[in-house]
Amino acid sequence: MPNIIACFKWVVDEAYIRRTASGELDFSSVDYKIGEYDRNAIEEAVRLKDNLGGSAIALTVGVPEATKGVKDALSRGCDQSCFITDTTYRDLEPSQTAAILAEVIRSRIQNYDLIICGEGSSDLYAQQVGPRLAEKLGIPCISFVQKVSLEEGKLTVERRVEEGIEIIAAPLPALVTVLPDINVPRIPGVKDTLMASRKPMIMIKKDDLAPIGESHLRTASLTAARMERTCERFGTDAAEITRFAESLRKKGVVG
Amino acid sequence: MAGVWIIAENREQTLELLNIACELAADIGTRVAAFLSQDHERVQDYIDCGADEVLVLPPLASDQSIDAYIPIIAEEAKTGDPDLMLLPATMRGKEMAARIAARLDTGLCSCCTALTYDEGSKSPVMERLAHGGAAVQKVTCTTRPAMATIPPRTFEPATPKEDRHGQIRELPAPPPSEVKVLEKKMKERVAKDITEARIIVCAGRGIEKNEDLAFIRQLADALGGEVACTRPIAEEYHWLPEELCIGLSGAQVKPDLYLGIGVSGQVQHLTGIRNAKVIAAVNKDENAPIFRAADFGIVGDLYDVVPKLIAELKK
Ligand SMILES: Cc1cc2nc3c(=O)[nH]c(=O)nc-3n(C[C@H](O)[C@H](O)[C@H](O)COP(=O)(O)OP(=O)(O)OC[C@H]3O[C@@H](n4cnc5c(N)ncnc54)[C@H](O)[C@@H]3O)c2cc1C
């Protein structure tokens, strides 16, 4: 019966990021969430476990506030969680996150068959943690997977590439990153949330681990992308539709 | 040995990367090396287009995928110590780049859309989108080599110059892979290249069923444009091919007119239409974010508005 690890990231909900008049990013009223595509990773781990037996562990590295995300992951059906946390873990880059995850998986989880990551995080979307983690652990990596099947110590997946689909087989343990269309993540109900609070949660502190390396990338600047538009509104009656079409014609974009 | 190295899967990607690689190599004062993994007769072609050296990779076994070259490329980089390594931001390219970066313990700028060389810090400055496209991030890399993946068609392809000479070096064959490609199901490319379209009508999840795309198509015809879509329409519903998806993980378009129908306008989608001359939208929710990003917006039910629009445009 497989032991499956689902990795996720607790991220700023980008819908709440504002742009100030001077073009700065304004994070003052942001909310947080489990990254959009990481929900697919969690869902896939839980589905595989439900079908095959075994267990699903939710794994994340983040700031202490991310404990909310851990509870969310457990309410989405994972059996237990492993949360590595420190106040300095706010702006980790992919190489550092992967190094921390690798050390914890090697030293504390050991017995695992499959690691599932989302296709990319909702905030940085660098799409590196999965492949970097696989390299650190020295296990096979298959990214952009749209279908997973697990059987007798062997993994078979459908991987998407620009030209089509590849069917790929790999020995376990292995790591996959999954595409959003692999499943529809469940929406946890009240009962799920209550059950979640009774599940085992392992917490690991920065000091319990070997020091991580410096970041490789230095952010020289982070500025709000510009999107200035006239934002004119129109109604749906005949006159308004004509006015709308006229506006497009005046701009010279339709004949 | 140093240099700017490029690793791509095919000629189109290689020429594009050669173009930007040559520019940067000139600024850094170094050479350009290109890996070549298939079509070995292309060696001179790559040299003509700017490569000073072509590193020839032996062919793969039929059940191997290009990632089998990772150990060879990483070893080569450990001894060759390049300044910068560039790969295409394709699905395979992104995975390979991250895995090579892990082996070299260095930084990687994913989906880099602009690259310059900073004389002062003597390092490449790489630009990318963050927070779903809400922000532009500029990064430098403090370790060697700096690495970046570049979305296809970000730069023009390099063109051949006359009288170019370069070195050719054969690399060792990759070891057998644990990961086996059992089957490849290639699809035909049916979709048009929407990055070239002048007018785009974009279908969003406000459209209730597949059949209703017919009148989105009629609207596109009335405008003389092409149909494109949001990611859920392509990936969740599979109503349209992925090549028609616009946004952060799809295409960046630059039409004269973008008209979104039943598109909410999440930042990941908007980032793909930033370069449209005019943005227009139809959505029944007056608070939909698309209206803050559009020049002209009709607040209304698309099933009511679209037929009226088609009639109006046919006048
Ligand atoms: C890392 C990451 C990358 C992503 N990359 C992309 C990308 O490249 N491209 C992309 O498109 N998305 C991308 N997304 C997804 C994106 O966040 C949105 O979920 C997606 O764009 C929403 O698509 P939509 O507007 O079609 O659907 P919805 O958000 O569901 O919006 C449907 C809209 O239709 C309106 N509507 C419903 N019925 C009617 C009607 N009868 N008449 C008029 N209006 C109606 C609704 O008011 C609503 O605003 C990405 C997400 C993440 C996390």
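Tutor: Buried means under 20% relative accessible area, exposed over 50%, partly exposed in between, with a 1.4 Å probe and protein chains only. This is a predicted model: local features need pLDDT of at least 70, side-chain atom pairs need pLDDT 80 or more, and totals for chains, interfaces and linings use all residues. Residues are numbered from 1 along each chain, chains are lettered from A and ligands numbered from 1 as written, and side-chain values use heavy atoms, without hydrogens or water.

Student: What ipTM does the predictor give the complex?

Tutor: Two scores apply to the complex. The pTM is 0.91. The ipTM is 0.93.

Student: What is the mean pLDDT of chain B?

Tutor: pLDDT is the predictor's confidence in each residue, from 0 to 100. In chain B, 99% of residues reach 70 or more. The chain B mean is 94.

Student: Is A:Glu119 buried or exposed?

Tutor: A:Glu119 sits in the loop between strand S8 (114-118) and helix H4 (129-137) of chain A. Helices (H or I, at least four residues) and strands (E, at least two) are DSSP runs, numbered from the N terminus. Because its relative accessible area is 5%, A:Glu119 is buried.

Student: Which side chain makes a polar contact with the side chain of A:Glu119?

Tutor: A polar contact is a pair of N or O atoms within 3.5 Å; within protein, one must be able to donate a hydrogen and the other to accept it, and sequence-adjacent residues count only if both atoms are side-chain atoms. Beyond four places in sequence, A:Glu119 has contacts (heavy atoms within 4.5 Å) that include A:Tyr37, A:Phe144, A:Gln127 and B:Arg231. The polar contact of its side chain, at 2.9 Å, is with A:Gln127.

Student: Which residues of chain B is A:Ser143 in contact with, leaving aside neighbours within four places in sequence?

Tutor: A:Ser143 lies in strand S9 (residues 141-151) of chain A. A:Ser143 counts as buried because its relative accessibility is 2%. In chain A, A:Ser143 is in contact with A:Arg159 and A:Thr177. From chain B come B:Met91 and B:Glu95.

Student: Which residue takes a positive phi just after H3(A)?

Tutor: Helix H3 (residues 94-109) of chain A has buried residues, including A:Pro94, A:Ala98, A:Leu101 and A:Ile105. Their cover includes strand S1 (3-7), strand S7 (80-85) and strand S13 (201-205) of chain A. Just after the helix, phi is positive at about 50 degrees in A:Gln110.

Student: How many of the residues of chain B count as buried?

Tutor: Chain B has 8 helices and 16 strands. Its C-alpha trace spans about 65 × 50 × 40 Å along the principal axes. Among its contacts with a separation of 6 or more, 62% join residues 24 or more positions apart. Of the 315 residues, the buried share is 59%.

Student: Which strands are the edge strands of the open sheet in chain B?

Tutor: The open sheet of 7 strands has parallel pairing and the order S5-S9-S4-S1-S2-S3-S10 in chain B. An edge strand pairs on one side only, and two strands pair if DSSP finds at least two bridges between them. The edges are strand S5 (108-109) and strand S10 (167-170) of chain B.

Student: What is the bridge partner of B:Ala33 in S3(B)?

Tutor: Strand S2 (residues 32-36) and strand S3 (residues 53-56) of chain B pair in the parallel sense over 4 bridges. The S3(B) partner of B:Ala33 is B:Glu53.

Student: Which residue in S15(B) does B:Tyr258 stand opposite?

Tutor: In strand S14 (residues 257-261) of chain B, 5 of 5 residues are buried. Strand S12 (residues 199-203) of chain B pairs with S14(B) in the parallel sense over 5 bridges. Strand S15 (residues 278-283) of chain B also runs parallel to S14(B), joined by 5 bridges. Opposite B:Tyr258 stands B:Ile279.

Student: What part of the ligand's accessible area does the protein cover?

Tutor: One oxygen atom of the ligand is 2.6 Å from a side-chain N or O atom of B:Ser264. A backbone N or O atom of B:Leu248 lies 3.0 Å from a ligand oxygen. Accessible areas use the Shrake-Rupley method with a 1.4 Å probe; for residues, only the protein chains shown count as cover. Of the 980 Å² that the ligand has on its own, the protein covers 87%.
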